[in-house]
Amino acid sequence: MASATKREKGLFSSKAFDSRIKSANTQGSEKALGYFFGPCLVYMAYYAIAGTYLTQFYTDVLGVTGAFLTMMPVFSKIFDAITNIVMGRIIDKTHTRQGKARPWILISGILMAICGILLYTVPRASMQVQLVWIVVSYNLFFAFAFTIYNMSHTLMVPLSTRNTKQRDGLAMLTSTGTSMLPGLLVTIILPIMIKTIGVGAAAQGAWITVMSVLSILAIPATLLEYYFTKERVTEDMMAAGEDTKKDTVSFLQQMKVCFSDPYWLIVIGFNIVYQIMNYLSTNSMIYYSNWVVANSVDGGTGMQVLINAIGQAPLGLGIFILCPLVGKFGKRMVTMFGFGIGAIGSLLVLLTPGNVPLLLLGLVIKSFGALPTYCMAAMLAEALDHIEWGSGYRADGFSASVMSIIITVSAGIGQSIILGGISAFGYIPPSSTAEIITQPAAMQTFFNWCFVGIPMIGYTIGSLLMLRYDVEEKIPQISADIAARHKAEAEARGEVYVSPEEKARMEQEENERIAEEKRIEELKNKCAKKGLSFETEEAKYQQKLADKKAKEEAKAAKKKKK
């Protein structure tokens with residue numbers, strides 16, 4: 001009782017902060033607002049202010065290059081790694097009625113908005129002052145504000161529900177909202193805006209205005225994600241009396257059990273490869289368009305729009321393509337073959353640099369192959385379930401720290417690789433968007449390999465890793481064993497334990513009962529108004545239900561025979 005009382009104190013004990021999602025089952029508003037639109041807006045702002053265009057702002061607006069800018073992202077990520085570990089422990093020790101991750105999503109919104117603006121408000125002063133501002137603002141955004149959001153967001157799918165079907169749907173939906181779709185939108189809209197606001201020192205004011213507006217998107221975005229998500233796994237563990245147990249699980253214990261779990265290592269291993277290759281591909285795309293396919297910023301703008309509108313089109317419809325495939329063949333097989341297709345598409349583009357028809361064809365093939373990346377959040381959730389099944393406790397905090405470190409450190413590595421290549425191979429910065437420049441051949445080759453060469457290698461590695469990922473078929477038994485353990489622990493304390501599945505079933509039955517009562521009431525009112533016989537109309541309705549059921553059974557039987 002003491003721990004429960006402790007949790008009810010503080011800011012997040014107010015009902016004003018309660019989730020708008022009350023159901024034990026995932027809801028339509030939860031999927032649309034909490035797992036799609038909210039994260040989509042956050043990552044639209046992130047890709048715009050902290051991705052490709054931040055690199056272009058440094059090189060083409062501020063005119064900063066050289067060893068300092070090349071190495072700064074890597075050294076900054078060392079500090080970032082420390083803050084990730086600290087934040088992971090803070091999340092693990094967070095106990096509120098709103099859960100342990102959701103409160104930090106809410107807090108992160110205002111922090112990302114402020115720190116995102118600071119990235120671009122570099123003062124017009126000496127180079128030394130500008131470099132100090134860049135270092136401080138860079139670390140405030142990546143190591144502080146975005147770390148808080150990214151770690152808490154990473155845990156939302158694993159903590160959403162133990163229902164694997166519902167969880168898989170949330171994972172694919174949120175992956176669509178956070179990875180491919182925001183990048184697709186940003187790289188279609190922003191190139192046109194950049195062409196308008198221009199490059200060079202005189203354009204900095206316009207850049208500040210545009211990026212400030214985009215940074216502020218983080219606030220309404222995190223409000224949506226906070227109020228339309230629900231930590232059912234956390235609530236389940238609290239009901240089973242395991243909420244205080246996590247305090248005894250050190251990061252060292254979590255680290256040990258994670259590094260001894262083969263499925264966790266597979267998921268984390270591919271995420272490392274994917275984040276680096278994705279950052280290189282996404283952030284080199286603007287340079288590839290401008291200087292490999294075209295020879296100016298103006299010329300590359302239309303190509304960027306074309307690449308994303310046509311070459312990346314399959315990613316926008318990914319969830320509609322992926323769900324039925326995963327349902328029929330499973331995540332493992334779809335991912336294995338999908339990544340193989342992605343590697344083939346990347347190879348086609350790599351071998352034909354600047355050939356627009358083959359470029360677009362190769363990118364369409366590559367995009368279809370990239371669809372299984374939408375499953376990675378669900379795979380992490382399965383790995384965490386496997387860890388809980390084997391050890392008796394979850395490793396959410398450590399895993400969130402590792403995932404956040406991977407994302408932020410990979411961004412630093414990728415940015416340093418691109419900036420290092422720009423410095424090493426003789427990049428010629430444009431003085432205006434219309435200036436015609438022929439970049440050195442080595443520079444063009446470098447951009448080509450960053451854009452599709454490294455992703456080709458990454459997809460091949462991912463496909464091979466899936467050969468060892470066989471936990472998916474074990475999940476039903478794992479979930480049953482965990483539920484049985486929670487039931488035994490609750491009964492040992494003299495409490496009645498209701499499993500998440502039973503809660504969902506009871507809720508569904510109650511909803512159906514209420515809906516049926518309402519239907520009958522409405523039918524009676526209709527019959528009274530029109531002078532109809534309720535018994536006759538009810539018999540007609542029941543006959544329709546019986547006919548529909550008979551058709552479904554006949555269809556199922558016919559399908560079974562085939």
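Contact here means heavy atoms within 4.5 Å. The model is predicted: local features need pLDDT of at least 70, side-chain atom pairs count only at pLDDT 80 or more, and totals for chains, interfaces and linings use all residues. Residues are numbered from 1 along each chain as its sequence is written, and side-chain values use heavy atoms, with hydrogens and water left out.

**Serine 346**
- Helix α17 (residues 331-351) contains serine 346; helices are DSSP runs (H or I, at least four residues) numbered from the N terminus.
- Serine 346 has a relative accessible area of 0% and is therefore buried (under 20% relative accessible area, 1.4 Å probe, protein chains only).
- Apart from neighbours within four places in sequence, serine 346 contacts Lys366, Val452, Pro455, Met456 and Tyr459.

**Packing of α2 and α9**
- Helices α2 (residues 28-50) and α9 (residues 204-216) pack with their axes 8 Å apart, at an angle of about 150°.
- That angle makes α2 roughly antiparallel to α9 (over 145 degrees, on a scale from 0 to 180 between N-to-C directions).
- Ala45, Ala48 and Ile49 of α2 meet Met211, Leu214 and Ser215 of α9.
- By class, this contact has five nonpolar residues, one polar and no charged ones.

- Not counting residues up to four places away in sequence, the residues touched by tryptophan 264 include Cys258, Phe259, Leu380 and Phe398.

How values were computed
Helix = DSSP H or I, 4+ residues; strand = E, 2+ residues; numbered from the N terminus. Parallel < 35°, antiparallel > 145°, perpendicular 65-115°, else oblique. Nonpolar A, V, L, I, M, F, W, Y, C, P; charged D, E, K, R; others polar. Buried < 20%, exposed > 50% of the residue type's maximum accessible area, 1.4 Å probe, protein only.
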